[in-house]
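Hi everyone, thanks for coming.

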Amino acid sequence: MGSPSSSPAANRAFPHLAADERPTLKDVAKLIKDGKAKRIMVMAGAGISTAAGIPDFRSPGTGLYDNLAKYDLPYPEAIFDIDYLEERPEAFYTLAKELYPGNFKPTICHYFFRLLQEKSLLAGAWTQNIDTLERIAGIEDDLIVEAHGSFAEAACLNCRKKYTKEEIKPQIMRGEVVRCQEKRCKGKDAALIKPNIVFFGEGLPDRFFSRLSHFSSCDLLIVLGTSLTVGPFNSLMHRVPSSCPRLLINLESVGEVDGPRSREGFDFDGVTGRAGGIRDVRRLGDADEGVLELCEMLGWADELRRLKDEGWKALDEAEGKTTPAKVEERKEEIKEAKREEIVAHVGEAVEGGKAGKEDVDDLTKAVEGVSLEQKDPINDKKAPL
Ligand code: OAD
Ligand code: ZN
């Protein structure tokens, strides 16, 4: 008889695995399925919005920083540099026109956050993106931390007067530099109105700091679509408990440890030999595909697609396009306008003695039978992106 065999140590982040087993996406799905991940935090970057048609910053060739030649910047990040903005504001406002919210719809990734929220599993959506697509996807304001600000509001750099994104939109869309109209700021070189995007050298929003403690109760961290090159955002991943599993869904591997002695960063391969086993998992490839794969494993994929389809439909409707009710409403308006026009004509003709009773009867019949074969302006509008 041998001594009682002690079962091999379990992986601290994935208790169903042994410490020397390597976790995969399936194991992340199992944690969620088993109710072991109830406070999921997501950390996102530009890569979750590229599917919406918004370029990221650093992808070679397609990223914004490779495509800023037309702005003749001294270095790419100058587009978000506060001193450079004051010196040559045209570059930023041209970019703002391209990126301004309103033209873009949330992606599968954004609706995945929404799905986590619907299932009461979302503890926070921390984003570096300024496109407000998390809000548009219906994430509760209280769960969103827009670490680098957003286009939602703007303020005068001099008097700090606040402007909404709608107020400055017409000028942005004309490609103009937006300047404050307050008396104290007015003039040829009036103070600039800058959307509340965090520029290099500026502080992050208060919310970023006041909610840092939320990471200490996180039980699954999902990092998506970011190069993790900009601080302090990239340091958030170190704030989760040491037993918290972390999943990276990205085109390329990022944020990895430097070597066996490195204490910071993802350790997908176990190079640090950490006690308790590997806790980091990566799924390389497109973020929407990665999220869908995870949802397939969870049996949530149809629900996710439905959320997205319904979300997009609601956005189209809000824009006044294609809903049958809106089309009917507009038809009635046109019909009414036509009736009024005919009635006015009849009145004029009778008053001027140009029409007798018979004519009036004919015209009255015509009014009743007004048909609407004319073009419907709603359906003629170009479909949204
Ligand atoms: P980056 O452009 O630095 O990184 C985007 C990451 O997403 C890269 O690693 C890409 O490989 C990846 N990616 C791109 N498309 C993807 C896709 N479809 N699926 C999966 N991954 C994809 O963008 P951020 O990390 O967000 O600051 O940049 C951080 C900050 O730098 C930004 O917030 C911005 C910039 O200066 C401000 O706006 C103030
Ligand atoms: Zn002002």
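Okay, let's start with the ligand. The shell around ligand 1 is made up of 9 nonpolar, 11 polar and 4 charged residues. In that count, Ala, Val, Leu, Ile, Met, Phe, Trp, Tyr, Cys and Pro are nonpolar, Asp, Glu, Lys and Arg are charged, and the others, Gly among them, are polar.

A quick word on ground rules. This is a predicted model, where local features need pLDDT of at least 70 and side-chain atom pairs need 80 or more, while totals for chains, interfaces and linings use all residues. Residues are numbered from 1 along each chain as written, chains are lettered from A and ligands numbered from 1 in the order written, and side-chain values use heavy atoms, leaving out hydrogens and water.

So who comes nearest? Of the 24 residues around ligand 1, it's R58, Y65, T226, S227 and E252; "around" has a heavy atom within 4 Å.

Now the polar contacts, meaning N or O pairs within 3.5 Å. Oxygen atoms of ligand 1 lie 2.7 Å from a polar backbone atom of R58, 2.8 Å from one of A46 and 3.2 Å from one of Q128. The protein covers 96% of the 790 Å² of accessible area that ligand 1 has on its own, by Shrake-Rupley with a 1.4 Å probe.

Take F80 and F199: 5.8 Å centre to centre, 80° between the planes, so edge-to-face, which means over 60 degrees. They sit 119 residues apart, linking distant parts of the chain.

Key:
A polar contact is a pair of N or O atoms within 3.5 Å; within protein, one must be able to donate a hydrogen and the other to accept it, and residues adjacent in sequence count only if both atoms are side-chain atoms. Rings of Phe, Tyr and Trp (its six-membered ring) pair if their centres lie within 6.5 Å; planes under 30 degrees apart count as stacked, over 60 as edge-to-face and the rest as tilted. Helices (H or I, at least four residues) and strands (E, at least two) are DSSP runs, numbered from the N terminus.
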